[in-house]
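Here's a quick briefing to read with the model open beside you. Keep the viewer handy and click along as we go.

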Amino acid sequence: MIRFFKVILKNIIQGPSTIKYPFEDSPAPEKLRGKIVHNADACVACHLCEYVCAGGAIKMQESEDHQGIDFVVWHDTCTFCGLCEYYCPTKAIHLTNDYHTAHVQADKYNYVEKTFVKKQPCICCGEPMVPISPAMVEQIYGQEGDIRGLSKMCPQCRRKILWKGGVSKS
Amino acid sequence: MAEFLQSIVKRSPWIYRINAGSCNGCDVEMATTALIPRYDVERLGCRYCGSPKHADIVLISGPVTAVVREKVLRVYDEIPNPKVVVAVGICPISGGVFRESYSIASQLDAYIPVDVNVPGCPPRPQAIIDGIAMAIEIWRKKF
């Protein structure tokens with residue numbers, strides 16, 4: 001009997017457990033997988049995210065003027081599985097904890113995250129290429145960084161330079 | 001009299017839910033929004049009803065498979081006007097992971113005029129509450 005009153009008293013003090021969501025904001029857990037954000041500066045356009053995407057939501061295509069690569073995530077077919085974030089070598093893709101996904105039908109095909117990965121000319125031949133991000137440079141060339149400027153060259157020029165200079169045995 | 005009744009009706013849209021070949025993930029989340037005290041969608045004046053003839057807002061989940069399509073359309077026709085359709089989950093919106101499968105001809109809005117989309121796999125209960133709140137606003141404008 002006393003235990004019964006304890007429960008009642010506890011519930012009166014605690015108040016209702018219902019969240020007041022549409023009228024008040026409801027915080028999401030830090031690691032919740034919600035809307036995708038893409039950092040175009042860190043992206044190396046390796047197309048790995050497009051390959052692993054379960055829902056076929058990610059499309060990477062060369063832009064019409066060949067000046068860069070259009071990156072598009074259509075949230076209406078994204079399963080928020082997080083494979084793209086897991087496999088991204090430079091961590092350019094991030095799943096935020098923003099879960100406010102409801103939208104009206106008119107926005108259906110505009111409900112996308114769209115970025116543009118700009119190409120830069122190769123310092124040897126001038127051919128436009130996607131620049132390698134600092135994170136990738138550190139992964140390839142180690143802590144001392146890119147001394148010979150190889151990260152600013154297109155793959156062909158890089159191969160030529162390495163062939164002429166031989167493989168350094170540092 | 002009719003106006004008086006309409007002014008009362010506007011305060012409580014009833015919800016009906018159709019499973020169009022869903023994997024049950026979105027259905028569980030929809031049940032969660034209604035039944036668990038934490039989310040409690042009945043605060044918005046909504047109530048889940050068992051018959052399509054009492055419904056005002058329809059929540060449809062699932063990719064609309066070839067087998068279930070005719071049945072979905074038949075149930076949809078039984079719902080009285082004005083009605084609002086909410087597509088819950090990515091499957092009815094775009095086909096999701098089942099897109100281009102052998103048993104799925106097209107997504108939901110090829111058959112039924114959809115008003116609100118709630119993407120997610122499954123969407124969070126809060127997102128479904130968001131979608132229902134949007135649907136109620138659209139529904140009130142339809143009178």
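A residue is called buried when its relative accessible area is under 20%. A:Trp74 comes in at 18%, so this residue counts as buried. Bear in mind that everything here comes from a predicted model. The tour starts with a sheet in chain A, then moves on to rings and charges.

**The sheet in chain A**

- Three strands of chain A make up an open sheet in the order S2-S3-S6, with antiparallel pairing.
- At the edges sit strand S2 (58-62) and strand S6 (112-118) of chain A, each pairing on one side only.
- On average, neighbouring strands of this sheet are turned by 15 degrees against each other, direction ignored.
- S2(A) and strand S3 (residues 68-74) of chain A run antiparallel and are joined by 5 bridges.
- Two bridge partners to click on here: A:Glu62 has A:Ile69 as its partner in S3(A), and A:Gln61 has A:Asp70.
- The hairpin of S2(A) and S3(A) has 5 residues between the strands, and A:His66 in this hairpin takes a positive phi near 55 degrees.
- How enclosed is S3(A) by the rest of the structure? It is largely enclosed, because 5 of its 7 residues are buried.

**Aromatic rings**

- Over all chains, the structure holds 4 aromatic pairs.
- One of them is A:Phe4 with A:Phe5: the ring centres are 5.8 Å apart and the planes sit at 70 degrees, so this pair is edge-to-face.
- A:Phe4 counts as exposed at 51% relative accessibility, while A:Phe5, with a relative accessible area of 49%, is partly exposed.
- Another pair, A:Trp74 with A:Tyr109, is stacked, at 5.5 Å centre to centre with 25 degrees between the planes.
- That pair ties together parts that are 35 residues apart in sequence, because A:Trp74 lies in strand S3 of chain A and A:Tyr109 in the loop between strand S5 (103-104) and S6 of chain A.
- A:Trp74 is buried at 18%, whereas A:Tyr109 is exposed with a relative accessible area of 52%.

**Charges over rings**

- In chain B, B:Lys83 lies over the face of B:Tyr76, at 4.1 Å from the ring centre.
- B:Arg124 has its charged end over the ring of A:Tyr99, 4.8 Å from the ring's centre.

**Salt bridges**

- The count over all chains is 6 salt bridges.
- In general, side chains of opposite charge can pair when their charged atoms come close.
- A:Glu62 is partly exposed at 44% relative accessibility, but A:Lys119 is buried at 14%.
- Over in chain B, B:Arg17 forms a salt bridge with B:Asp27, and their closest N and O atoms are 3.3 Å apart.
- What does that pair tie together? B:Arg17 belongs to strand S1 (residues 14-19) of chain B and B:Asp27 to helix H2 (residues 25-35) of chain B, so the pair links parts that are 10 residues apart in sequence.
- B:Arg17 counts as partly exposed at 37% relative accessibility, and B:Asp27 as buried at 4%.
- B:Lys142 forms a salt bridge with B:Asp115, with 3.7 Å between the closest N and O atoms.
- This one ties together parts that are 27 residues apart in sequence, because B:Lys142 lies in the segment after helix H5 (125-141) of chain B and B:Asp115 in the loop between helix H4 (90-94) and strand S5 (116-118) of chain B.
- B:Lys142 is partly exposed at 39% relative accessibility, and B:Asp115 is buried with a relative accessible area of 17%.

Definitions and conventions:
Residues are numbered from 1 along each chain as its sequence is written. Chains are lettered from A and ligands numbered from 1 in the order in which they are written. This is a predicted model: local features need pLDDT of at least 70, side-chain atom pairs count only at pLDDT 80 or more; totals for chains, interfaces and linings use all residues. Side-chain values use heavy atoms; hydrogens and water are left out. Two strands pair if DSSP finds at least two bridges between them. Helices (H or I, at least four residues) and strands (E, at least two) are DSSP runs, numbered from the N terminus. Axes are lines fitted to C-alpha atoms, for helices over the stretch in contact, and angles run from 0 to 180 degrees between N-to-C directions. Rings of Phe, Tyr and Trp (its six-membered ring) pair if their centres lie within 6.5 Å; planes under 30 degrees apart count as stacked, over 60 as edge-to-face and the rest as tilted. Buried means under 20% relative accessible area, exposed over 50%, partly exposed in between (1.4 Å probe, protein chains only). A charge sits over a ring if NZ of Lys or CZ of Arg is within 6 Å of the ring centre and within 35 degrees of the ring normal. A salt bridge is a side-chain nitrogen of Lys or Arg within 4 Å of a carboxyl oxygen of Asp or Glu.
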